[in-house]
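Trainee: Could you walk me through this model before I set anything up with it?

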Amino acid sequence: MNLQGIVAVSGKPGLWRALAQNKTGYILEGLDTQKTKMVANLSTAKLAALNEITLFGLEEDIKLLDVFERMKNASAVPDAKADGTKLRSFFREVAPDHDEEKVYASDMKKVISWFLLLKDLPLFSEADPGAPAVEEAVAVVAEEPIAPEPAKPIVAEKAPVKPKAKKPAAKKA
């Protein structure tokens, strides 16, 4: 799942893709069907990258990417407008170790609405460019045996000596 450049903006609904950066902030494009564009001023708007968002957990925080992966494999994702008990039971299934006192129904609605928005986009099924695929790493190791390189002797080289610059003679008055 490749969520590089996808951000949530405080005070704005939906998700946004960061297109470019200028002096005052970021130029963003909406991921909805309208493809609206806006400039998010860094002094007033807070941006949160989706690949860095976590949910409160009992032991440690849960990455949003892990929750999305479990939601992708879930049997039925409820609607974001469902009542809190349905959302809570669904979250017990996809994030069983989330802290039920700190993760509110509004947080669960936001995560589900983000998932429903992202699941149809092609970037949702792409591999994360930051993490190398396990199959590719195994294939490279299987193809090329790594032979140790012969040791090369270390030769110390002296840097060439530069002549000192001469100062011009002082003028007498």
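Predicted model: local features only at pLDDT ≥ 70, side-chain atom pairs only at ≥ 80, totals over all residues.

Trainee: How many helices and strands does the protein have?

Mentor: The protein has 4 helices and 7 strands, taken as DSSP runs numbered from the N terminus (H or I over at least four residues for helices, E over at least two for strands). From the N terminus on, the order of the elements is β-β-β-β-β-β-β-α-α-α-α.

Trainee: And what share of the residues is buried?

Mentor: Buried residues make up 28% of the 173 residues, where buried means under 20% relative accessible area, exposed means over 50%, and partly exposed lies in between, with a 1.4 Å probe and protein chains only.

Trainee: Switching to the sheet, in what order do the strands come?

Mentor: The order is E4-E3-E2-E1-E5, an open sheet of 5 strands with antiparallel pairing; two strands pair if DSSP finds at least two bridges between them. E4 (37-41) and E5 stand at the edges with a single partner strand each, so one side of each has no neighbour in the sheet. Direction ignored, neighbouring strands of this sheet are turned by 45 degrees against each other on average.

Trainee: What does E1 pair with?

Mentor: Strand E1 is joined to E2 (residues 16-21) by 2 bridges, running antiparallel, and E1 also pairs with E5 (residues 47-49) in the antiparallel sense over 3 bridges. Valine 7 has tryptophan 16 as its bridge partner in E2 and alanine 49 as its bridge partner in E5. In the hairpin of E1 and E2, with 6 residues between the strands, glycine 11 takes a positive phi near 85 degrees.

Trainee: Are the side chains of E1 buried or exposed?

Mentor: Ile6 and Ala8 on one side of E1 (residues 6-9) and Val7 and Val9 on the other are all buried, which leaves both faces of the strand covered. In a regular strand the side chains alternate between the two faces of the sheet.

Trainee: Where does arginine 17 sit?

Mentor: Arginine 17 is in strand E2, and it is partly exposed, with a relative accessible area of 29%. Leaving aside neighbours within four places in sequence, arginine 17 is in contact (heavy atoms within 4.5 Å) with several residues, among them Ile6, Glu29 and Leu123.

Trainee: Last topic, how do H2 and H3 pack?

Mentor: Helix H2 (residues 84-94) and helix H3 (residues 105-118) pack at an angle of about 70 degrees, with their axes 10 Å apart. Axes are lines fitted to C-alpha atoms, for helices over the stretch in contact, and angles run from 0 to 180 degrees between N-to-C directions. H2 and H3 are therefore roughly perpendicular to each other, a label that covers 65 to 115 degrees.

Trainee: Which residues make that contact?

Mentor: Leu87, Arg88, Phe90 and Phe91 of H2 meet Ala105, Met108, Lys109, Val111 and Ile112 of H3. By class, the contact of H2 with H3 has 7 nonpolar, no polar and 2 charged residues, with Ala, Val, Leu, Ile, Met, Phe, Trp, Tyr, Cys and Pro counted as nonpolar, Asp, Glu, Lys and Arg as charged, and the others, Gly among them, as polar.

Conventions
Residues numbered from 1 in each chain as written. Heavy atoms only, no water. Parallel < 35°, antiparallel > 145°, perpendicular 65-115°, else oblique.
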